[in-house]
Amino acid sequence: RQTTTQTDRQQHRDNSELPEGCYDDTEVVQFRLTSDPKKRITRVLRDKKGEEKDKNYYIEEIELHMTKTMKQGVLIWYLGHGGSETGSWCFSGGRITFAEILHMYRQHFRSKLLTLVIDCPYAGNWGLSCAEEFDRMGIPACGHQAKSRGYIIKVFSSCRSTQIARDLNYSVD
């Protein structure tokens, strides 16, 4: 996906680390998350063209990070293809669903902050899936009830559950 904003274009003029021309979303996000030492991003998992990893690789890496991190929170920012009508993260070998991420959270990271930023078609389904899971567990939608039961999860999505996330292309002068 090729996307940029006015701020990213200005950053490019001021920082030679960003690529020329249109921007790859993952490169911009990686730059933004790792360039500021206050953000304390410790790991960026990213496919490179011709070196794509499968679902199991990402499941293992996410689980390992939740198991080993000493931090009080984890940010997972997914940019990529979303499953039709579900927003599930698409990889060779299968899809990663909210239920799988929630399972890992329950096993290894409960009572710590999990922030999910989902930028893919039908991404809004992740928020709906979170609400449905909380309903099944009998946890009211209000934040303090979930927190008191050890669930601190924030879900941000690029589009609604019925929408396809669109690329926005800009040229750099």
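This is a predicted model: local features need pLDDT of at least 70, side-chain atom pairs count only at pLDDT 80 or more; totals for chains, interfaces and linings use all residues.
**Loop between β1 and β2.** I started at E85, which sits in the loop between β1 and β2. Phi of E85 is near 70°, a positive value, and the residue is not a glycine. Is E85 buried or exposed? At 52% relative accessibility, E85 counts as exposed, since the cut-off is over 50%.

**Loop between β4 and α5.** I then looked up Y122, which lies in the loop between β4 and α5. Y122 also has a positive phi, near 65°, and is not a glycine either. I checked its accessibility: Y122 comes out at 12% and counts as buried, because the limit is under 20%.

**Chain overview.** I stepped back to the whole chain. How many helices and strands does the protein chain have? I found six helices and five strands. Along the sequence they follow the pattern α-α-α-β-β-β-α-β-α-α-β. The protein chain has 173 residues, of which 36% count as buried. I also looked at contacts with a separation of 6 or more: residues 24 or more positions apart account for 66% of them.

**Sheet.** Next I traced the open sheet. Its three strands have the order β1-β4-β5, and the pairing is parallel. β1 (73–79) and β5 (152–157) stand at the edges with a single partner strand each, so one side of each has no neighbour in the sheet. On average, neighbouring strands here are turned by 10° against each other, direction ignored. I followed the β1 pairing: seven bridges join β1 to β4 (residues 113–119), and the two run parallel. L79 stands opposite D119 in β4. Which helix lies across β4 and β5? I found α5 (residues 125–136) there, running at about 150° to β5.

**Core.** I turned to the largest nonpolar core, which has 30 residues. In it, W89, I101 and L114 touch the most other members. I listed the elements that give two or more residues to this core: α3 (55–68), β1, β2 (89–91), α4 (98–108), β4 and α5. Which element gives the most to this core? That is α4, with five residues. I noted the general background: in soluble globular proteins, nonpolar side chains tend to be buried together.

**W89.** I went through the contacts of W89, leaving out residues up to four places away in sequence. Among them are I62, I76, Y78, I101, I118 and W126. H81, G94, R95 and I96 are also touched by W89.

**Aromatic rings.** I counted nine aromatic pairs in the structure. Why is the pair of Y57 and Y58 edge-to-face? The ring centres are 5.0 Å apart and the planes stand at 85°, so the pair falls in that class. The two residues have separate entries for accessibility. Y58 is buried, with a relative accessible area of 8%. Y57 counts as partly exposed, at 25% relative accessibility. I then looked over the face of Y57 and found K53, at 5.3 Å from the ring centre. Finally I looked up the cluster: Y57, Y58, Y78, W89, F91, F98 and W126 form one aromatic cluster.

Notes. Residues are numbered from 1 along each chain as its sequence is written. Side-chain values use heavy atoms; hydrogens and water are left out. Two strands pair if DSSP finds at least two bridges between them. Helices (H or I, at least four residues) and strands (E, at least two) are DSSP runs, numbered from the N terminus. Axes are lines fitted to C-alpha atoms, for helices over the stretch in contact, and angles run from 0 to 180 degrees between N-to-C directions. Contact means heavy atoms within 4.5 Å. A nonpolar core is a set of buried Ala, Val, Leu, Ile, Met, Phe, Trp, Tyr and Cys residues joined through side-chain atoms within 4.5 Å. Buried means under 20% relative accessible area, exposed over 50%, partly exposed in between (1.4 Å probe, protein chains only). Rings of Phe, Tyr and Trp (its six-membered ring) pair if their centres lie within 6.5 Å; planes under 30 degrees apart count as stacked, over 60 as edge-to-face and the rest as tilted. A charge sits over a ring if NZ of Lys or CZ of Arg is within 6 Å of the ring centre and within 35 degrees of the ring normal.
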